[in-house]
Amino acid sequence: MVQGAERIKTQHAGAQAAPPPASSERRPATDLSQGLASTEAARRLEQYGANVIREKHVSALAKLLSYFWGPIPWMIEIAAVLSGVVQHWADFGIILVMLLLNAAVGFWQEFKADSAIAALKQRLALMARALRDGKWQDIPARDLVPGDVVSVRLGSIVPADLELAHGDYLSVDQSALTGESLPVDKKVGDVAYSGSAVKLGEMTGVVTATGMSTYFGKTARLVDSAGAVSHFQRAVLRIGNFLILATIGLVAVILVVALFRGDPLVETILFALILTVAAIPVALPTVLSVTMAVGAQKLAKLKVIVSRLVSIEELAGMDTLCSDKTGTLTQNKLTLGDVQCFEAPDADALLLAAALASRAEGGDVIDQAVVAGLKSPNALDGYSIKAFKPFDPVIKRSEASVAHGAETFSVSKGAPQVILDLAKPDPALSAQIHKAVDAFAAKGFRSLGVARSDDGKRWRFLGLLPLFDPPREDAAATIERTREMGVDVKMVTGDNQAIARQIAATLKLGQNILPADRAFKADDGAINPSAIDAADGYSQVFPDHKFAIVKALQSRNHIVGMTGDGVNDAPALKQADVGIAVSGATDAARAAADIVLTESGLSVITTGIEEARRIFERMTSYSIYRISETVRVLLFMTLSIIVFNFYPVTAVMIVLLALLNDVPIMMIAYDNAPIAQSPVRWDMHVTLLLSLLLGFLGVVASFGLFWLARDYWHMPSGEIQSLIFLKLLVAGHLTIYLTRNKGPIWQKPWPSWRLFVTTEATQIVGTLAAVYGWFITPIGWANAGFVWAYALAWFLVNSVFKIMAYHVFTHHIRGQARHLERVERSLTTHVPQS
């Protein structure tokens, strides 16, 4: 129970923002022993509506129309009007198709992203423990109605406004709602408000308000807004903005030069508008968002639910994973060993006391293992629990007040060191207990201490219960695979040093296990990040230690993942670059996490890392492709017009290029991307340099074909433009294949069938347009065949340059890493040891 002084501080802390006291008149009449009948609950759901916050929804038509309003649509619309003014009806038709297709593509991409986010939110929907038809059951929080009887306990998020009706005490964190910095104590008759997190205790309450009628007007949101932007997106958008400015600048130069030369005004403006629309990477942010949304759907199928899309980038770049032992590295199936009695008369008495301090129906695996150890299922008959304090991860024990006939007594079970502090046995007995705990730990057993008090003052240490949680069968292999992927796995456990080392040895994690109390106290009292970084795992860890571990590792430039399941893990999960709520985590932990696992085990995380790296590679591939295409097309156009006074393509050709390019890029989100064998981080310099290299090579290739057509074959200008159009189309689509990996073009994985079919189909359509003269001058099959051969030859040349560039970049990055290692080693050597 919170001490009086703390309660006074809490009350003062919340004085400014505390909600008004509840009125008992608000509570609908409900039988607390039976709850609502299902039929009555259904009637009230119809009356009051779902327990959700109504969000502002934009109609599909309004969303579609929004794609016709804005700077880019305005440019296309003006271009269409100008085409009509000069009576270029073919141009007018094609530009109109471009306008409609741009709107349709944008609308469909946003629809897919919104659908993915909605599906993820549904998977993370809040559940509530409600009494219906006389039975406790878990139901979706959205189905709660006023009058429902609901149970909330440590780790729960209060699903609706509740008037507390039964239980000893509740301590809730209302900071997200009222700004109060300290937890607030609640008692019978108080209201627990929707969205607050339970920090201590367990109580039952009656729902007084739901949905929009709750005091704060909202329930806890488990999924952050999809509008958050990652480092990757920010960097790419910066490049996009640079390209927009460069496009506008170069188009302005073309416009000025054309007008100076006396070119027709309307047609010049029309060409400038179309070139601007085609060159600006309008779809860049949309494609990135859809790629992540589609990837998040794939991750959800792999039992990894992403609550923030942008966390996919951090998961792909994670290089250190702090993993909970229980349930992630082990099976979380506790087996009770041979008990050891000290002040208990026999094993049956010891087990009885431990079972009375447990609650099997609460779902706690330790409590279930203890109760299952009773010889008779009727052993608890005749005992009445007057008060029960569930296990608290801060004080690490549970406690129950018991009545048996005329006899009353208290029992407690928990961590041996905590029960030792409670019982305070004499030194000799204390030494025996420590020896027994060490002996159990050496065999891999986790010990629970059990104590009893007959007068509420003096406690007796009854004995120890050894529990064993065997490692998962796949854990060792999965750890090895994870380390091969460049992710260092560090075990985090509340168990003592001996158990931690025994499990670490079994899993081949290493034996450098650092006790938490020693990890953060160097001789000068400061945190020791280097020792934390060097450790293979941490023992005797409390929740607040997890936060410190994450901070220390981040100070060493690591991208850190941290698993957790309890309400007290929330700060560490929020601080980590990748907060991972494991299967069975509390609502509070899920709310704080970036990723929620729906299946136990480390292999789920490893699978998630692999898929996240695929998603990252797809985004990188598209970014390089789009930037290089803008450079290639825009620079070639500008130089041709300024230097040679020749328009290499017509406005219609530019529109056709833009339309045909839009189709395959929609399929990049479904491509078979390679999996990087080490953590990936967004490198702006590498992406920009490679894009510029491929763009400049494309300009050289285009001028080579232009020279052949004009000076060697002496082709008419219309055929030269069609030739250049086909070359830009074929070479541009081949660049999609080029940017898919860092090695040779035949390196697996090969393109997905969706990407391959759409890319080749649009190339075929463009080729037929050039051969037969659809809206452009025909060039015939012979010239088209030469363009294909020319583009394929340059495709191989570009591939060689790409591989060489990546080799140079990798060599440079490794050189920088070795230099940093030498500097760090030098600094470490010259730091005086305390």
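This is a selection-by-selection tour of a predicted model, from the whole chain to single residues.

Residues are numbered from 1 along each chain as its sequence is written. In this predicted model, local features need pLDDT of at least 70 and side-chain atom pairs count only at pLDDT 80 or more, while totals for chains, interfaces and linings use all residues; side-chain values use heavy atoms, with hydrogens and water left out.

**Whole chain**

Start with the protein chain coloured by secondary structure. It has 28 helices and 23 strands; helices (H or I, at least four residues) and strands (E, at least two) are DSSP runs, numbered from the N terminus. Of the 834 residues, 51% are buried. Here buried means under 20% relative accessible area, exposed over 50%, and partly exposed in between, with a 1.4 Å probe and protein chains only. A contact means heavy atoms within 4.5 Å. Among contacts between residues at least 6 apart in sequence, 72% join residues at least 24 apart.

**The largest nonpolar core**

Next, select L275, V649, I724 and F725, the residues with the most contacts inside the largest nonpolar core, which has 63 residues. Such a core is a set of buried Ala, Val, Leu, Ile, Met, Phe, Trp, Tyr and Cys residues joined through side-chain atoms within 4.5 Å. Elements giving two or more residues to this core are α7 (231–260), α8 (265–279), α23 (602–644), α24 (651–665), α25 (684–712), α26 (717–738), α27 (753–772) and α28 (780–830). The most comes from α26, with twelve residues. Another core, of 57 residues, lies apart from this one and includes I239, A316, M491 and Y625.

Zoom in on L275. Leaving aside neighbours within four places in sequence, L275 is in contact with V251, I254, L634, M637 and I654.

Move to L634, in helix α23. L634 has a relative accessible area of 4% and is therefore buried. Not counting residues up to four places away in sequence, L634 touches A246, T247, L250, V251, L275 and A279. A279 is 355 residues from L634 in sequence, yet the two are 6.5 Å apart in space, C-alpha to C-alpha.

Two packed helices are described by the angle between their axes and the distance between the axes. Axes are lines fitted to C-alpha atoms, for helices over the stretch in contact, and angles run from 0 to 180 degrees between N-to-C directions.

Show α24 with α26. Their axes come within 11 Å and cross at roughly 20 degrees, so the two helices are roughly parallel. Angles under 35 degrees count as roughly parallel, over 145 as roughly antiparallel, 65 to 115 as roughly perpendicular and the rest as oblique. The crossing is right-handed; a crossing is right-handed if the near helix is turned clockwise from the far one by less than a right angle, and left-handed if anticlockwise. To see the contact, select M653, L656, L657, L660, N661 and P664 in α24, which meet Q721, S722, F725, L728, L729, H733 and I736 in α26. By class there are nine nonpolar, four polar and no charged residues, where Ala, Val, Leu, Ile, Met, Phe, Trp, Tyr, Cys and Pro count as nonpolar, Asp, Glu, Lys and Arg as charged, and the others, Gly among them, as polar.

On the α25 side, the contact is made by L694, G698, A701, S702, L705, F706, A709 and R710, and on the α26 side by I720, L723, I724, K727, L728 and L738. The classes are ten nonpolar, two polar and two charged residues.

Follow the chain out of α26 to P749, in the loop between α26 and α27. A cis peptide bond joins K748 and P749, with omega about 0 degrees.

Go to α14 (residues 416–423), where P416, V418, I419, L420 and A423 are buried. Their cover includes β14 (397–404), β15 (407–414), α15 (427–442), β16 (446–453) and β17 (460–468). Just after α14, K424 takes a positive phi of about 50 degrees. K424 sits in the loop between α14 and α15 and, at 65% relative accessibility, counts as exposed.

**Last stops**

Select K303, in the loop between α9 (284–301) and β9 (304–306). K303 is not a glycine but has a positive phi of about 75 degrees. Its 34% relative accessibility makes K303 partly exposed.

Finish at S151 in strand β3 (residues 149–153). S151 is buried, at 16% relative accessible area.
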